[in-house]
Amino acid sequence: AGAERANSGIERAIDLLQQVSGRLILTGLGKAGHVARKAAATFCSTGAPALYLHPSEALHGDLGIVSSGDLLIAISNSGRTEEVLNLLPSMARLGVPVVAITGDVDSPLALHSTVVIDAHVIREADSIAEAPTSSTTLQMAICDALAVTLMGARGFTSEQFAIFHPGGNLGRKLLLKVADLMRVGDRIPIVSQDDSLQQAILTISAKSLGAAIIVDSSGRLAGILTDGDLRRWFQEAVDTDRPFQKGALQQVMTHDPRSIRADSLAAVALKMMEDHQITVLPVVDFTERLKGAIHLHDLIRAGLA
């Protein structure tokens, strides 16, 4: 019920938030202060610069972080928290609008705020109905609703979200490119299509990638020879009672293998490997010239799988 009553205030607050040219300043004391801290972190991670301002410290110098163009979100269930109320005259002098999230729309905080979001709850959830429980849950939900709605209004994308979370799994999936992980230079097991099968096998063993990548005379991708290709070739020899003779590389390798571009997302390479049950992808440029190679283990080590 409290969330429903808050809707109209949230709509007006969103209109105000979209006009902010500076930062969102969140304040509150006690449990409301913890909600404000979390809300500031949520706003930051969703593209809206925000910070928490302790109301007591603000009155002893920290108020200097607030400037014209900012907006204050003040959280107080009673709407009578003295330390929070003491900030209001300074906000008025600076021309900073105030969005109040309070359980009492007739409180001093509500009466002196630009926009009021009704966060009233019938009672707290504890046995004596005193500990901030239901009220802080609703305050948190309102702050999340503001952040999520603002994200949508600003057209905030998952790629932008990843930029603010480079250490998380989403950041790795959306920011890491094949070029960041691929093996290049002497680490690529390159074999010419004119080389022998024996040379290709030696290259596989030397480079420890489980495959040799075959190129033509112009350096363009021509095929790939994997451990699986060799096993199938030997198995066919056993099944047909064919002697283990020297085979031509062209007869054993996989022609026209799947490949990927260096500027592709590493997550795309992972999906390609999973979908087609392969462990090595040649990396090519737009002319199909070989530029590198990426192994499934490279993606696992990067935390993508």
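Predicted model: local features only at pLDDT ≥ 70, side-chain atom pairs only at ≥ 80, totals over all residues.
User: Where does Leu71 lie, and what is it in contact with?

Analyst: Leu71 lies in strand β3. Helices (H or I, at least four residues) and strands (E, at least two) are DSSP runs, numbered from the N terminus. Contact means heavy atoms within 4.5 Å. Leaving aside neighbours within four places in sequence, the contacts of Leu71 include Leu16, Leu24, Ile25 and Val99.

User: What makes a nonpolar core, and which residues have the most contacts inside the largest one?

Analyst: A nonpolar core is a set of buried Ala, Val, Leu, Ile, Met, Phe, Trp, Tyr and Cys residues joined through side-chain atoms within 4.5 Å. The largest here has 32 residues, and Leu24, Leu26, Phe43, Ile73, Ile101 and Leu146 have the most contacts inside it. Elements giving two or more residues to this core include β1 (24-28), α2 (31-45), β3 (71-76) and α7 (134-154).

User: How do you know whether α2 is roughly parallel or roughly antiparallel to α7?

Analyst: Take the axes, which are lines fitted to C-alpha atoms, for helices over the stretch in contact; angles run from 0 to 180 degrees between N-to-C directions. The axes of α2 and α7 come within 10 Å and cross at roughly 15 degrees. That makes α2 roughly parallel to α7. Angles under 35 degrees count as roughly parallel, over 145 as roughly antiparallel, 65 to 115 as roughly perpendicular and the rest as oblique.

User: Which residues meet between α2 and α7?

Analyst: Among them are Val35, Ala39 and Phe43 in α2, and Met140, Cys143 and Leu146 in α7.

User: Why is Asp256 called exposed, but Glu288 partly exposed?

Analyst: Asp256 has a relative accessible area of 71%, so Asp256 is exposed. Glu288 has 36%, so Glu288 is partly exposed.

User: What is phi in Asp256 and in Glu288?

Analyst: Phi is near 50 degrees in Asp256 and near 70 degrees in Glu288. Both values are positive, in residues other than glycine. Most residues other than glycine have a negative phi.

Note on methods:
Residues numbered from 1 in each chain as written. Heavy atoms only, no water. Buried < 20%, exposed > 50% of the residue type's maximum accessible area, 1.4 Å probe, protein only.
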